[in-house]
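Colleague: I would like to learn how to read a model like this one. Can we take a few features in turn?

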Amino acid sequence: MSELTTWNPYAPLSAQTTRTLGIAAVAAVLLLWAVISATGLVSPNKLPAPWQVAKAFGYLAWDGENGRSLLLNATLWSVGRVLAAGALVVAIGIPIGVLMGASPRLNAALSPLIDPFRSAPVVALLPIMVMWFGIGEWMKVLFLFVGAVVYLIPMVRDAVRAVPQAYWISARDLGATPLEAVRHAVLPLAMPRIADAVIVAVSVMWTYITVAEYVNAREGLGQLIQNARRFSAMDQVFAGIIVIIAFALLSYQLMRYVKSRMYPWETKL
Amino acid sequence: MSDSANPVSIELKDIVQEYPHKDGTGVLRVVDGISLSLQPGINMLLGPSGCGKSTILHMMGGVRPIGVQTPTSGTVLIDGKACVEAHDDAVMVFQRYANRPDLSVEENVAFPFRLKHWRARVSAAEARQRIEETLAAVGLSAHRKHLPSQLSGGQNQRVALARALVLRPRILLMDEPFGALDAQTRAEMQQLLVQIYEHNPCLVVFVTHDVTEALTLGDRVIVLSTQPAKIADDFAILEPRPRSVTWQRSTEAVRMEERILAQLHAASTGRASLRVSV
């Protein structure tokens, strides 16, 4: 690396270099992991070797003995829960966030009820959720919903409030009612950041999915990990975690792509 | 159309504007008893930055962006009627063009017709025709499908101007509209404004802090002093537009420039925010 690009946050980096550095870092960690496992420094019960994880992954992907794919089944359940909760988050969270952003009065009333939960340990709510909603499917979806919506609402509100006042004033001057000014001048400009809020909310749900599936789940990636841990199958635990990370990354990239296609006009700050 | 086809007047009577101080200890007076009567023509409102020019312009447009009573005292009359909210007679053009980045040039110009208010007053066919005419008038017909991000600053300001003109306002309120443009583009936009004005004379109130711009465009120049704003000078320019460089270098023009600069200088030496306890 040259002097110019080392401590220069604005230095352009080619896609090639970015990719090379990223892959090299992952490869380095894998290598370190493999070396530690090969030397037997750490017991495989604590840290399974990469090849053991790969083997476990193969078994989970296709169990020849029973002719089934544990992974596919678990993944479909987890994805389904994230999608169901995601639909609720979008359908309920976005309207509330927009209303709070558009009305300082509503925001003053609702933000003390919502904002603190961003820093509250949502995981600690799980027992309460179980008491209220039982241990069925509803509880899991609602848990994901609560966990994500407390992030989404303030982000949507801030997205609306970040739109420069000039747009609202200009629309009002042209004869828009206050509501029309919000709908036709403010909201369209807030959409890219609202899309960002949805992306964050989905990412948050992927981090909570294991917790949601800890309680009485018969299917799902969280349950798969939980089950493997109970049988001390650390290789399967690792494989499960990697699958969750992969799905979280995949959905993140996919949503970023969709967003860039939907709002190509978004200005880069 | 002749001047008489668009008879309209703006009357300011003893306008005072005060804003409460952030620390709540008193009020800041930004406009101090301005009385002014404006007729069709290009009226230049000239003053140092932050002297309250925009506040006065907002009042004429009836726009109330801040939760403060505007004006604190005094009245704004449009054609003798008190102006208390945004009205059809006046449209504003801002320095920040406020174009929607997700809409094409054409859609931005058509924006007012998305609003109930104008849908009820202008038929779709008429709107269509007005949009065509206005796009042609500001020279954007060839760019109709472009997004604002694909346009230059000057072109974006043309879009904003077109969005105002499409409503055929009798009053055009311009808040330093060309202030962010480079000199070349500014000159082009000034020419365009004169063209549009000659074609359809109306009452233009043009806020600027650029003395040359005031002398290039104005039928009348009103010089404001700095906070709190008062009228420091007010005179007419009879030279017909477009004004040649020769005229701008004439003794008459140079005297006007010196006169304005002297007023602005006098205004800025006493620059201090006036605090009035309540």
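Modeller: Start with one residue. Leu221(A) has 26 C-beta neighbours inside 10 Å, so it counts as buried. Keep in mind that this is a predicted model.

Colleague: Where does Leu221(A) sit in the secondary structure?

Modeller: Leu221(A) belongs to helix α11 of chain A, which covers residues 221–230.

Colleague: Which residues does Leu221(A) touch, leaving out those up to four places away in sequence?

Modeller: Its contacts are Ala74(A), Thr75(A), Ser78(A), Ile209(A), Glu213(A), Gly240(A), Val243(A) and Ile244(A). For a distance across the chain, take Arg118(A). Leu221(A) and Arg118(A) are 103 residues apart in sequence, and their C-alpha atoms are 25 Å apart in space.

Colleague: Now the whole chain. How many helices and strands does chain A have?

Modeller: Chain A has 12 helices and zero strands. Its C-alpha atoms fill a box of roughly 75 × 60 × 30 Å along the principal axes. Of its 269 residues, 33% count as buried.

Colleague: What share of the contacts in chain A joins residues at least 24 apart?

Modeller: Consider contacts between residues at least 6 apart in sequence. In chain A, 69% of these join residues at least 24 apart.

Colleague: Which domains does the assignment give for chain A?

Modeller: The domain assignment gives domain 1 (3–42) and domain 2 (70–262). The centres of domain 1 and domain 2 of chain A, taken over C-alpha atoms, are separated by 31 Å.

Colleague: Next, the nonpolar core. Which residues of the largest nonpolar core touch the most other members?

Modeller: That core has 134 residues. Leu144(A), Ala148(A), Leu152(A), Ala201(A), Met205(A), Leu173(B) and Val205(B) touch the most other members. Helix α10 of chain A, residues 178–212, gives the most to this core, with 18 residues.

Colleague: Take Leu152(A). What does Leu152(A) touch, not counting residues up to four places away in sequence?

Modeller: Leu152(A) touches Val89(A), Gly93(A), Gly97(A), Ala197(A), Val198(A) and Ala201(A).

Colleague: On to the interface. How is its size usually expressed?

Modeller: The size of an interface is often given as the accessible area lost when the parts come together. Here we can count residues. Chain B brings 21 residues to the contact and chain A brings 15 residues. On the side of chain B that touches chain A, β6 and α3 (116–119) of chain B are the elements that give two or more residues. By class, that side of chain B has 12 nonpolar, three polar and six charged residues.

Colleague: How do I check the length of a helix?

Modeller: Compare the expected span with the distance between its ends. Helix α5 of chain B (residues 153–165) has 13 residues, which at 1.5 Å a residue should span 18 Å. Its end C-alpha atoms are 18 Å apart, which agrees.

Colleague: Is α5(B) enclosed or in the open?

Modeller: Of its 13 residues, 11 are buried, so α5(B) is largely enclosed by the rest of the structure. Among those buried are Gln155(B), Arg158(B), Arg163(B) and Leu165(B). The cover includes β6 (90–94), α2 (105–109), α4 (124–137), β7 (171–175) and α6 (183–199) of chain B.

Colleague: And helix α1 of chain B?

Modeller: Helix α1(B), residues 53–61, is mostly covered, with eight of its nine residues buried. Lys53(B), His58(B) and Gly61(B) are among the buried ones. Just after α1(B), Gly62(B) takes a positive phi of about 75°.

Colleague: Now strands. Is β8(B) enclosed or in the open?

Modeller: Six of the six residues of β8(B), residues 203–208, are buried, so this strand is largely enclosed by the rest of the structure. Look at its faces. Leu203(B), Val205(B) and Val207(B) are buried on one side, and Val204(B), Phe206(B) and Thr208(B) on the other.

Colleague: Which strands pair with β8(B)?

Modeller: Strand β3 of chain B (residues 41–46) runs parallel to β8(B), joined by six bridges. Gly41(B) stands opposite Leu203(B). β7(B) also pairs with β8(B) in the parallel sense, over five bridges. There, Asp175(B) has Val207(B) as its bridge partner.

Colleague: Last, is β10(B) enclosed or in the open?

Modeller: Strand β10(B) has six residues, 231–236, and the number buried is zero, so it lies largely in the open. β9(B), residues 220–224, pairs with β10(B) in the antiparallel sense over five bridges. Val223(B) has Asp233(B) as its bridge partner. The two strands, β9(B) and β10(B), form a hairpin with six residues between them.

Conventions
Residues are numbered from 1 along each chain as its sequence is written. Chains are lettered from A and ligands numbered from 1 in the order in which they are written. This is a predicted model: local features need pLDDT of at least 70, side-chain atom pairs count only at pLDDT 80 or more; totals for chains, interfaces and linings use all residues. Helices (H or I, at least four residues) and strands (E, at least two) are DSSP runs, numbered from the N terminus. The expected span of a helix is 1.5 Å times one less than its number of residues. A residue is buried if 20 or more other C-beta atoms lie within 10 Å of its own, exposed if 12 or fewer, and partly exposed in between; C-beta atoms are placed from the backbone. Two residues are in contact if their C-beta atoms, placed from the backbone, lie within 7 Å. Ala, Val, Leu, Ile, Met, Phe, Trp, Tyr, Cys and Pro count as nonpolar, Asp, Glu, Lys and Arg as charged, and the others, Gly among them, as polar. A nonpolar core is a set of buried Ala, Val, Leu, Ile, Met, Phe, Trp, Tyr and Cys residues joined through C-beta atoms within 7 Å. Domain bounds come from an automatic or database domain assignment. Two strands pair if DSSP finds at least two bridges between them.
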